[in-house]
Amino acid sequence: MEMVMANKRKMTMGLVVGNRGFFPDHLAKSGREEMVQVLQKAGMDVIALGAEQSKYGAVETHEEANRCAELFRSKADAIDGVIVTLPNFGDERAIADTMRLSRLTVPILVQATPDTPAKMGITHRRDSFCGKMSACNNLRQYGIPYSLTSLHTEAPDSPEFAKDLEWFAGVCRVAKGLRGLRVGAIGARPAAFNTVRYSEKLLEANGISVETLDLSEVLGRISRMKDTDDRAVAKLRSIEKYVTTNAVPEAALLKMAKLGAVVDDWMKAADVQISAVQCWTSLEENLGVVPCTVMSMMSDSLLSSACEVDVCGVIGMHALQLASETPSALLDWNNNYGDDPNKAVCFHCSNLPKHFFKDVRMDFQEIIAGTVGKDNTFGTCVGRVKSGPMSFARFSTDDVNGRIRGYTGSGRFTDDPLETFGGAGVVEIPGLQKLLRYICEQGFEHHVAANFSTVASAVEEAASRYLGWAMYAHSA
């Protein structure tokens, strides 16, 4: 049932190798070689000074810092993040100068290689433990944000650093992916959903643009599209391949196919990466279908799509998807689960990506059907959410204080029994009551983005440290 995610993006890391001459500089040589091998083994490209450009390809002098910065500037478009490795104490000024002169705004990870107790003599003593503090002190003086490994010192070839490197790659993808993001807002916010109001201006000030498309234009383009249009026919085949449609009338499927084709065309023309779509209840009344399956297919293809024009909600979906490189969903914090204070039902009616389900079929939308009739509500993805680790995130524009804020955390989807409609799953989150109180006290929305992953800390790090957003990291 799951999609095979074959489109993992190759990362490119800039590498700064610290060196300080009155420490053993042969460690800089071996440390550079070791870190390059580790990064390449992790599938990353590396941009670093070579031995012909500086002593051992490290930075110690201001001239070497200038040289490394010039290299980084020449490759700025390719660089996702920078690793600062300290195989010995390192020159903190050269490290900070390199980053300032490079003018890069990417995340930085500072790593220090541990000493070996049996090799503490003058020829092999590193003192990276101490040098890391000096490097961080200078980066902070220069006003340059940076991230840290989970342990103060970690060998490049250690399991701890491998895990930290994976985490840092997620941080880099989120920071880079949210800067310059273009979001498609299709239709107006439904009148009954004051909850999803947001400030386009605050998003724009943070490098995120919103492109709008009136729903009348969508409906007009659909009405002019022939049933035999190649785009509609291709989309219909994609829908039938994507989900079981046995209980759905052919006429409804064709309407969905045209809707999907129109949205696809517009997103390409407008150069938007993700979308938020009006559903309730204009599409049902004026087109005669719900957009759920079309949106589910987009999210499953890593083109996150949220309902009710929840633009901030889809940005949360996108952030989680960037970090994990797997599909996200937008869910309601919807119900208690019995009397367990750490469990809740997360639900939508539903446009969840296929990636989320144990099993899924297309059906009609039971809630809206009571208002507009069953025949006008085909297109939902109905099924039970599978079990597994869960990361969640929510962003919101805080117009009163002129900032973007949010929260992140982790838990898991469980196999607890649940009899309901739509797309639903039981979540277990340590300290859930504390989180729910925080959401209500701070006036956050009832929608939350979710992802089958453990990437909440990477999203929080990127949003708070590199984008400057006010974030709450939930813990029990």
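(A pocket is an open set of points on a 1 Å grid over the protein atoms alone, where a 1.4 Å probe fits, with protein on both sides within 12 Å along at least five of seven lines; lining residues have an atom within 4 Å of a point. Helices are DSSP runs of H or I, at least four residues, numbered from the N terminus.)

The model is predicted; local features need pLDDT of at least 70, side-chain atom pairs count only at pLDDT 80 or more, and totals for chains, interfaces and linings use all residues. Residues are numbered from 1 along each chain as its sequence is written, and side-chain values use heavy atoms, without hydrogens and water.

I checked confidence next. pLDDT (the predictor's confidence in each residue, from 0 to 100) averages 95 over the chain, and 98% of the residues score at least 70.

Back to the largest pocket. I found about 700 Å³ of space in it, a volume being the space filled by probe spheres set on the points, which are joined across faces, edges and corners. Its lining has 30 residues; A162, K163, L165, E166 and W167 lie nearest the centre. Elements that give two or more residues are α1 (26-41), α5 (159-178), α12 (311-324) and α15 (456-466).

Then I took the second largest pocket. I noted about 240 Å³ of space there. It is lined by 11 residues, with R9, R173, Q321, L322 and E325 nearest its centre. α5 supplies the largest share of this lining, three residues. α5 and α12 each supply at least two.
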